Amino acid sequence: MAIIVLLGVLLLVIAGCVCVVWAERGGPRWVRVVATVTLAAGQLMRYSGKSDRRSEGDT
């Protein structure tokens with residue numbers, strides 16, 4: 001079951017990356033929306049990783 005979930009997440013990540021590249025080349029509106037969501041999710045993940053490292057160093 002866990003493998004199926006991980007494969008689903010992997011497929012979503014790959015599809016998001018494809019949409020980012022396609023949006024850079026002037027894709028349709030829905031592709032630009034998916035690309036924006038993908039980039040925002042990446043920024044959130046990056047920010048959460050930085051805050052985790054900060055909290056580990058404070059203790």
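Author: At 52% relative accessibility, Trp30 counts as exposed, since exposed means over 50% relative accessible area, buried under 20% and partly exposed in between, with a 1.4 Å probe and protein chains only. This is a predicted model, in which local features need pLDDT of at least 70 and side-chain atom pairs count only at pLDDT 80 or more, while totals for chains, interfaces and linings use all residues. Residues are numbered from 1 along each chain as its sequence is written, and side-chain values use heavy atoms, with hydrogens and water left out.

Reader: How many helices and strands does the protein chain have?

Author: Helices (H or I, at least four residues) and strands (E, at least two) are DSSP runs, numbered from the N terminus. By that rule the protein chain has two helices and zero strands.

Reader: What span should helix α1 have, and how far apart are its end C-alpha atoms?

Author: Helix α1 covers residues 2-24, which makes 23 residues. The expected span is 1.5 Å times one less than the number of residues. For α1 this should come to 33 Å, which agrees with the distance between its end C-alpha atoms, 33 Å.

Reader: Which residues of α1 are buried?

Author: One of them is Cys19, which counts as buried because its relative accessibility is 9%. The buried residues of α1 are Gly16, Cys19, Val20 and Ala23.

Reader: Which residue just after α1 takes a positive phi?

Author: The phi in question is about 90 degrees. Just after α1, the residue that takes it is Gly26.

Reader: Is Cys17 buried, partly exposed or exposed?

Author: Cys17 is found in helix α1. Its relative accessible area is 44%, so Cys17 is partly exposed.

Reader: How far apart in space are Cys17 and Ala35?

Author: Ala35 lies in helix α2 and is buried, because its relative accessible area is 5%. Cys17 and Ala35 are 18 residues apart in sequence. From C-alpha to C-alpha, their distance in space is 7.5 Å.

Reader: How are the rings of Trp22 and Trp30 arranged?

Author: A pair of aromatic rings is described by the distance of the centres and the angle of the planes. Rings of Phe, Tyr and Trp (its six-membered ring) pair if their centres lie within 6.5 Å; planes under 30 degrees apart count as stacked, over 60 as edge-to-face and the rest as tilted. The count by this rule comes to one aromatic pair. Trp22 and Trp30 have 5.7 Å centre to centre and 90 degrees between the planes, and the pair is edge-to-face.

Reader: Is Trp22 buried, partly exposed or exposed?

Author: The relative accessible area of Trp22 is 38%. With that value, Trp22 is partly exposed.

Reader: How far apart in space are Arg32 and Trp22?

Author: Arg32 has its place in helix α2, residues 29-58, and at 41% relative accessibility it counts as partly exposed. In sequence, Arg32 and Trp22 are 10 residues apart. Their C-alpha to C-alpha distance in space is 8.1 Å.

Reader: What is the distance in space between Val34 and Ala15?

Author: Val34 lies in helix α2 and is partly exposed, with a relative accessible area of 30%. Val34 and Ala15 are 19 residues apart in sequence. C-alpha to C-alpha, the distance in space is 9.1 Å.

Reader: What part of the protein chain do buried residues make up?

Author: The protein chain has 59 residues. The buried residues make up a share of 14%.
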